[in-house]
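Here is a short briefing on one protein chain.

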Amino acid sequence: MVSTKTQIASFEFDNCLMNAAGVACMTIEELEGVKNSAAGTFVTKTATLDFRQGNPEPRYQDVPLGSINSMGLPNKGLDYYLDYLLDLQEKEPNRTFFLSLVGMSPEETHTLLKKVQESDFRGLTELNLSCPNVPGKPQIAYDFETTDRILAEVFAYFTKPLGIKLPPYFDIVHFDQATAIFNKYPLKFVNCVNSIGNGLYIEDESVVIRPKNGFGGIGGEYIKPTALANVHAFYQRLNPQIQIIGTGGVLTGRDAFEHILCGASMVQVGTTLHKEGVGAFERITNELKVIMAEKGYESLEDFRGKLRYID
Ligand code: RRO
């Protein structure tokens with residue numbers, strides 16, 4: 001009997017696979033599609049205080065080895081997602097869902113988190129510190145001073161389970177510096193990684209997305225080695241109470257297996273979900289279970305974080 005069930009903080013999930021924020025999660029209809037699939041849960045599109053149209057189209061392009069996007073944080077505004085989740089948690093009291101959010105400024109982030117704090121929301125909140133696509137707004141988590149200040153301010157009032165969505169880091173010193181900050185706070189999880197920011201994809205002589213002259217976040221096969229490195233670097237460094245969600249380059253059960261081997265407790269699917277639809281969850285789950293069965297593993301705990309090194 002092979003199980004892919006998992007836990008984040010005190011919450012249990014029947015399956016470790018779910019969508020990555022931004023894919024199949026803008027509308028209630030899309031969220032219901034993920035909820036009613038083989039996925040263990042869903043996360044909403046990152047919400048701001050007010051509805052946002054986002055960047056001009058075309059702004060997302062599937063490409064052979066992944067995807068490039070510059071969506072620009074289009075979303076229906078916090079109340080849309082929060083009202084839906086408040087209703088859903090009464091209808092499905094035995095399941096837990098994720099709310100993703102970030103403000104257009106630190107002040108707006110606090111307004112959002114205070115609304116969540118004051119609501120009856122009982123799920124997990126993911127603070128997105130890594131959107132690469134809003135012109136003039138740098139990825140917050142590349143600025144360690146600002147990240148530290150925001151987290152200090154947040155935990156002065158926010159007592160519900162909270163995690164953060166991180167951009168990929170590319171230097172060992174940055175893993176050390178980021179960890180020194182995160183370990184000061186009662187975070188429940190870090191999610192590694194958001195898209196690799198500001199790549200450029202060219203077809204013939206042209207870019208393929210309109211915003212920012214074609215620069216956009218890269219996802220899919222391109223980013224798996226970077227995603228695995230970030231999952232494992234933080235798994236090695238973070239307090240064990242801070243769990244890891246692994247995101248990036250999950251096309252197959254083998255990819256999910258590798259994220260868990262690097263230390264992930266939950267695995268998110270973005271580009272592949274966009275390309276394949278919610279049927280991807282059942283396929284990847286089945287592939288993961290076959291690998292576990294072949295290796296004699298019955299649960300994720302049997303191999304989570306047990307990546308082997310060469311002496
Ligand atoms: O909406 C976006 O452009 C976007 C966001 Br908020 C994010 O966090 N990551 C991404 O690749 N795109």
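Phenylalanine 182 touches Thr147, Leu151, Ile164, Leu166, Tyr169, Leu187, Val190, Phe234, Leu238 and Ile242, leaving out residues up to four places away in sequence. The model is predicted.

**Nonpolar cores**
- Phe182, Val190 and Phe234 have the most contacts inside the largest nonpolar core, which has 83 residues.
- Another core, of 10 residues, lies apart from it; Phe13, Met18, Val43 and Phe189 are among them.

**Annotated binding site**
- An unreviewed UniProt entry places the feature "binding site" at Lys45, Asn69, Ser70, Met71, Gly72, Leu73, Asn128, Asn194 and Ser195.
- Of these residues, Lys45, Asn69, Met71, Leu73, Asn128, Asn194 and Ser195 are included in the lining of the largest pocket.

**Leucine 73**
- Leucine 73 sits in the loop between strand E5 (66-69) and helix H2 (78-91).
- Its relative accessible area is 4%, so leucine 73 is buried, the cut-off being under 20%.
- Beyond four places in sequence, leucine 73 touches Lys45, Thr46, Thr48, Arg52, Val102, Met104 and Val134.

**Serine 195**
- The loop between strand E9 (189-192) and strand E10 (196-200) holds serine 195.
- Serine 195 counts as buried because its relative accessibility is 10%.
- Neighbours within four places aside, serine 195 contacts Asn69, Pro132, Pro168, Gly217 and Ile218.
- Its side chain makes a polar contact with the side chain of asparagine 194, at 3.4 Å.

**Glycine 277**
- Glycine 277 lies in the loop between helix H8 (271-276) and helix H9 (279-295).
- With 27% relative accessibility, glycine 277 counts as partly exposed.
- Glycine 277 and valine 34 are 243 residues apart in sequence, yet 9.1 Å apart in space, C-alpha to C-alpha.

Terms used
Residues numbered from 1 in each chain as written. Predicted model: local features only at pLDDT ≥ 70, side-chain atom pairs only at ≥ 80, totals over all residues. Heavy atoms only, no water. Core = buried A, V, L, I, M, F, W, Y, C linked by side-chain atoms within 4.5 Å. Buried < 20%, exposed > 50% of the residue type's maximum accessible area, 1.4 Å probe, protein only. Contact = heavy atoms within 4.5 Å. Helix = DSSP H or I, 4+ residues; strand = E, 2+ residues; numbered from the N terminus. UniProt positions renumbered as here; feature names shortened; annotations may be inferred. 1 Å grid on protein atoms, 1.4 Å probe; cavity = no way out; pocket = protein on both sides within 12 Å on 5 of 7 lines; lining within 4 Å. Polar contact = N/O pair within 3.5 Å; in protein donor to acceptor, adjacent residues only side chain to side chain.
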